[in-house]
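The structure comes first, followed by notes grouped by topic.

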Amino acid sequence: MRIGELAAAVGVTTRTVRHYHHLGLLPEPARRANGYRHYALRHAVVLARIRRLTELGLGLTEVRDVLADDAGKDLTEVLTELDEDLARQEAAVRERRRRLRALLDAGEPPADGPVSPELAVLLDMLPADDSPTAAKDREILALVDTGASAEDRERLSAALRGALDDPDAVARTREAYALLDALADVDPGDPRVERTARTLAACVPDGLPTEGQPDLDNAVLRAVYADFAPAQAAAVRRMLEIILGVER
């Protein structure tokens, strides 16, 4: 058989056959006097087996292990590992569908979404003012929600939910947003920066981790500061110093 006939017999392309030659999965056949490859039945058998294995989901490295005479893994072991991997993928898909269903059941997704169901509830509780700071706050919460573990997400949600159930806390949050908005065009040395920082710190609910001495200039916080005007960034940094007990 020529390469085109071999490929047609197994249901692959000639490019695939050449690729398997390049990887060493399919042995090179003898060439006739005219230079054309001449494939025997054994090449078709090997190629068909490669196709079946890849259709099962094996990677080409795993296929090589199965085909090799001195394979470190036999076919049963490779297929068992593949089955376990597929089981993990199924579990991940079920969890994603659970979260998707929870978002759909909650009604109209928030504009900041998609977010976790826990955060979606919190975003509905936050003051919906036309405040630039309020919009940034929602974006930062969505960022934290995305990167947090399930345990940390639940801890954050519980703390914020408890605070936002208090009308006085919601009023303080609105005040903090307004104070921070007012710093957009002032100098970082303005005395209002300290007042704003202390108002922000008073909005932080109990139950959030505030112990330790984290790096207030880490990459994420630097990105947060850069997203604010200079005086606003100074107030946010000072707020962090206050709640973490960092001496100036």
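Covering is judged by contact, meaning heavy atoms within 4.5 Å, and buried means under 20% relative accessible area, with exposed over 50% and partly exposed in between (1.4 Å probe, protein chains only). The model is predicted: local features need pLDDT of at least 70, side-chain atom pairs count only at pLDDT 80 or more, and totals for chains, interfaces and linings use all residues. Residues are numbered from 1 along each chain as its sequence is written, and side-chain values use heavy atoms, with hydrogens and water left out.

**Helix α8**

- R153, L156, S157, A159, L160, A163 and L164 are the buried residues of α8.
- The end C-alpha atoms of α8 are 21 Å apart, which agrees with the 21 Å that its 15 residues should span at 1.5 Å a residue; the expected span is 1.5 Å times one less than the number of residues.

**Chain overview**

- The protein chain has 12 helices and 2 strands, taken as DSSP runs numbered from the N terminus (helices H or I, at least four residues; strands E, at least two).
- Along the sequence the pattern is α-α-β-β-α-α-α-α-α-α-α-α-α-α.
- Of the 248 residues in the protein chain, 33% count as buried.
- Among contacts between residues at least 6 apart in sequence, 57% join residues at least 24 apart.

**Cavity**

- The count is 1 cavity of 30 Å³ or more, where a cavity is a set of points on a 1 Å grid over the protein atoms alone at which a 1.4 Å probe fits but cannot get out.
- The largest cavity holds about 30 Å³ of space, the volume being the space filled by probe spheres set on the points, which are joined across faces, edges and corners.
- Its lining consists of L119, L122, D145, R153, L156 and S157; a lining residue has an atom within 4 Å of a point.
- α6 (117-125) and α8 (150-164) each supply at least two lining residues, and α8 gives the most, with 3 residues.

**Selected residues**

- Q232 is in helix α12 (residues 230-244) and is buried, with a relative accessible area of 8%.
- Beyond residues up to four places away in sequence, Q232 touches T133, L180, D181, L183 and A184.
- R37 belongs to strand β2 (residues 37-38).

Technical notes:
On a 1 Å grid over the protein atoms alone, a cavity is a set of points where a 1.4 Å probe fits but cannot get out, and a pocket is an open set with protein on both sides within 12 Å along at least five of seven lines; lining residues have an atom within 4 Å of a point.
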